[in-house]
Amino acid sequence: MEGAELELERRSKFLSSLIQKKKSVEQQDHHDLLNVRVRASDMPTPLQNRAFRSARDHLDSMPGKLDSKRLALALKKEFDSSCGPAWHCIVGTSFGSYVTHSTGGFLYFSIDKPSTNCEISFRFISRRKKKKLLRQLKPETMEISQFMGQQEHEAIENSQDKKAGPPHMALSLISAYLPLFELLAMSGVCTSLRDAVNKDVLSWLDIVVKSPLNLRLSDGILMKITSKANGRLTTLALMDCAKITDDGLQRVVERNPLINKLYLPGCTGLTPEGVIGAVKTLSEHHHGLKSLMINGIYNINKEHLETLRPYLEKNLSQQEQSGSWPLLFHEHRDVPTFRHDKGYATIDVEVCPKCDEVRMVFDCPRRTCKRKIGRSMSDCRGCNFCIPRCQECGGCVDDSEEVEEAVCADILCSDCWLQLPKCDFCNKPYCKQHAHNGSCPPGSTGFVCDVCWANFNI
Ligand SMILES: [Zn+2]
Ligand SMILES: [Zn+2]
Ligand SMILES: [Zn+2]
Ligand SMILES: [Zn+2]
Ligand SMILES: [Zn+2]
């Protein structure tokens, strides 16, 4: 037993030394390629590579006599904008320096410039915290509480600026069309903007909370945001806001009786009873509810659905009741706020004709369906559990030979798989929705998926 453990440890040590070796060889190749010599470094490798690449590019774009001041300025500016302020950059052929830097924020290297036959030294120095440096490389999800805190902080800082006049008229025209994230960001810019945005009721009539703000949206914050509409809120869309509870929803609904579109997909903190309570409250009002999304809330059964339906149907015109737009799998995430206007069904879930459960039931686009031969249109209708569908085209793919998997674990049909760009290492594509998770290493024209990136960089 002990022998086996020792052997296992020996092998894992060997493997990690192999990976380490491969990484350093790759890095050396990269240095040779750009003709770079590293003198001293305390900087994450991806950031180093960015520095080498931009130094090389700027140097190549400045032929003739070396203008070290201009070069340093260009590099400083580039690093400030891509990695956050504030960087110091020193460029020259001969200089001494003595600097203090933060952990992870120092790089000293040199590059040959053949035309002038001399070696140019570069020093990048930052006093930013290492965590912040790395954050710039891989965007992290912004949490709403941090965001609101920051907004308050900045507003206080700016409040000394008393001379600022009111914002331009045009702002009030565009603010009604801004998503919540931009609206919050705008109100954090300065006090006069904040006041303008906060007072402009029109901007707050449709509230859509989605990633990344959804993660920390609590009942309290929701109350604060919705209160800006002065009770005139018409659309409340909370996408995957798991922290919202029945009580929180009920309070908002009671203060905003004009809500006619209520979207709560993935709000797992809610119960079917809580949703029914909110819908009941809204339907008691003259205007009434016209569109409801509840997929992803646990334990919704047929009885709940039967209770909900009459509340919504009495608010619909004859035309609205007759037939609805087909719901295609690959489109359903894109346009939730236009759901009602586009003529989709009033409630997003229904009883699946195949498994009899209350779920989202999708129609098949047929054109790209892999199973349409020998199968009728209604056979192609079903929930995502009964009929797996391609993330890109929405076609049925329940034949195991035709199914391909994306890096993000979404399913693709073979046609869509062929067309999408693939990871340099594992040759798997992302679906378009998750394509932003890939990283572009310097010197590569393609991308590396987050799985491979994590394997090679940690
Ligand atoms: Zn089903
Ligand atoms: Zn089909
Ligand atoms: Zn497809
Ligand atoms: Zn990969
Ligand atoms: Zn995906």
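Predicted model: local features only at pLDDT ≥ 70, side-chain atom pairs only at ≥ 80, totals over all residues.
Q: Which atoms coordinate the zinc ion (ligand 1), and what spacing do its donors follow along the chain?
A: The zinc ion (ligand 1) is held by the SG atoms of Cys-352, Cys-355, Cys-383 and Cys-386, at 2.2 to 2.4 Å. Read along the chain, these donors follow the spacing C-x2-C-x27-C-x2-C.

Q: Why does Cys-352 count as buried, and why does Cys-355 count as partly exposed?
A: The reading rests on relative accessible area, where buried means under 20% and exposed means over 50%, with partly exposed in between. Cys-352 has 1% relative accessibility and therefore counts as buried, whereas Cys-355 has a relative accessible area of 25% and is therefore partly exposed.

Q: Which residues are the protein donors of the zinc ion (ligand 3), and what is the geometry of its site?
A: The protein donors of the zinc ion (ligand 3) are the SG atoms of Cys-390, Cys-393, Cys-413 and Cys-416, which lie 2.3 Å from it. The angles among these four donor atoms are 101 to 116°, and the site is tetrahedral. Along the chain, the donors of the zinc ion (ligand 3) follow the spacing C-x2-C-x19-C-x2-C.

Q: What is the order of the strands in the open sheet of four strands?
A: The general idea is that strands of a sheet pair through backbone hydrogen bonds, either parallel or antiparallel. Here the open sheet of four strands has the order β1-β3-β4-β2, and its pairing is antiparallel. Strands β1 (36-42) and β2 (87-92) stand at the edges with a single partner strand each, so one side of each is left without a neighbour in the sheet. On average, and with direction ignored, neighbouring strands of this sheet are turned by 15° against each other.

Q: How many bridges join strand β3 to strand β4, and which helices pack on the sheet?
A: Strand β3 (residues 106-113) and strand β4 (residues 118-126) run antiparallel and are joined by eight bridges. Lys-113 stands opposite Cys-118 in β4. Helix α2 (residues 45-60) packs on the sheet and touches β1, β2, β3 and β4, its direction making about 35° with that of β3. Helix α3 (residues 68-83) also packs on the sheet, where it touches β2 and β4, and its direction makes about 155° with that of β2.

Q: Which residues have the most contacts inside the largest nonpolar core?
A: The largest nonpolar core has 44 residues, and Leu-236 and Leu-238 are those with the most contacts inside it. Elements that give two or more residues to this core include β5 (206-209), β6 (235-238) and α12 (302-313), while α11 gives the most, with five residues. A second, separate core of 23 residues includes Val-36, Leu-75, Trp-87 and Phe-109.

Q: Where does Gly-269 lie, and how far apart in space are Gly-269 and Asp-246?
A: Gly-269 lies in the loop between β7 (261-263) and α11 (272-283). Gly-269 and Asp-246 are 23 residues apart in sequence and 7.5 Å apart in space, C-alpha to C-alpha.

How values were computed: Residues numbered from 1 in each chain as written. Chains lettered and ligands numbered in written order. Heavy atoms only, no water. Donors = N, O, S within 2.8 Å, 3.2 Å for Na, K, Ca; no water. Buried < 20%, exposed > 50% of the residue type's maximum accessible area, 1.4 Å probe, protein only. Tetrahedral: all angles 85-135°; square planar, octahedral: opposite > 155°, others 65-115°. Pairing = 2+ DSSP bridges. Axes fitted to C-alpha atoms, helices over the stretch in contact; angles between N-to-C directions. Contact = heavy atoms within 4.5 Å. Core = buried A, V, L, I, M, F, W, Y, C linked by side-chain atoms within 4.5 Å.
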